[in-house]
Amino acid sequence: SKPVVAIVGRPNVGKSTLFNALAGEKISIVKDTPGVTRDRIYADVSWLDKDFTLIDTGGIEPESKDIILSQMREQAQIAIDTSDVIIFITDVKQGLVDSDSKVADMLRRSGKPVILVVNKVDNFDKYMADTYEFYNLGIGDPVPISASSRLGLGDMLDKVIEHF
Ligand code: GDP
Ligand code: MG
């Protein structure tokens, strides 16, 4: 069967936007406030000659900080258990936050391949320097993208399919 790739990250970092950009259609619901992705959502994606199943792990995203962290842990664990590669997505505009570090620790310990993506880098010249703090997560080189502007997605996908 096809490799499975899961998108994991805090509410509002752009998981569903990335999912839709890669799926080529609007399957996942994107909204300005957290709490809108109804369930795990799947799409078939191809890049070069590789096919894979992509999962938006968004779930029903909470607004309280405590619940956000516990739900992120749950989503990360599901991704660890069910996927071959994990896209861990962060947000350059919010910067590195504590729950990112906690989930990154979990992902690192799992030994699963993780692609560390920094989203909302809408202008590579302007915001690239802001991506460097994400090296501190200790899960590899940050890959800058803008899901809404579709920047950096090819380079990101090259890194994903290296692990198949
Ligand atoms: P999710 O909660 O992680 O699924 O995040 P969403 O995909 O629902 O996106 C949350 C918000 O971030 C929405 O307002 C999106 O339009 C916005 N967003 C997503 N990707 C980008 C991006 O690359 N740049 C900017 N500036 N905003 C983005
Ligand atoms: Mg979502």
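In which sense do β2 and strand β3 pair, and over how many bridges? Let's take that as our way into this predicted model. The two strands pair in the antiparallel sense, and seven bridges link them. For one spot to look at, find Trp 47, which stands opposite Lys 50 in β3.

## The overall layout

The protein chain has five helices and six strands. The chain has 164 residues, and 50% of them count as buried. It exposes about 8000 Å², with carbon and sulfur atoms supplying 47% of that area.

Now for who touches whom. Take the contacts between residues at least 6 apart in sequence: 69% of these join residues at least 24 apart.

## One sheet, mixed pairing

The six strands form an open sheet in the order β2-β3-β1-β4-β5-β6, and the pairing is mixed. β2 (41-47) and β6 (143-144) stand at the edges with a single partner strand each, so one side of each has no neighbour in the sheet.

For parallel pairs, go to β4: four bridges join β1 to β4, and six bridges join β4 to β5. Val 5 has Val 85 in β4 as its bridge partner, while Asp 91 has Asn 119 in β5. β4 and β5 also belong to a right-handed β-α-β unit, together with helix α3 (residues 98-110).

## A covered strand

How many of the residues of β4 are buried? Seven of its seven! Val 85, Ile 87, Ile 89 and Asp 91 point one way from the strand, Ile 86, Phe 88 and Thr 90 point the other way, and all are buried.

In soluble globular proteins, nonpolar side chains tend to be buried together. In this model, the largest nonpolar core has 26 residues, and the ones touching the most other members are Leu 18, Leu 22, Leu 54, Ile 87, Val 117, Ile 145 and Met 156. Two or more residues come from each of β1 (4-8), α1 (15-23), β2, β3, β4 (85-91), β5 (114-119) and α5 (153-161).

Setting aside neighbours within four places in sequence, Leu 54 is in contact with Val 5, Ile 7, Phe 19, Leu 22, Ile 41, Tyr 42, Ala 43 and Val 45. Apart from this core lies another, of 23 residues, including Ala 6, Ala 79, Ile 80 and Phe 134.

Note on methods:
Residues numbered from 1 in each chain as written. Chains lettered and ligands numbered in written order. Predicted model: local features only at pLDDT ≥ 70, side-chain atom pairs only at ≥ 80, totals over all residues. Heavy atoms only, no water. Pairing = 2+ DSSP bridges. Buried < 20%, exposed > 50% of the residue type's maximum accessible area, 1.4 Å probe, protein only. Contact = heavy atoms within 4.5 Å. Areas by Shrake-Rupley, 256 points an atom, 1.4 Å probe, with all protein chains shown as cover. Core = buried A, V, L, I, M, F, W, Y, C linked by side-chain atoms within 4.5 Å. Right-handed = clockwise from strand over helix to strand, strands pointing away.
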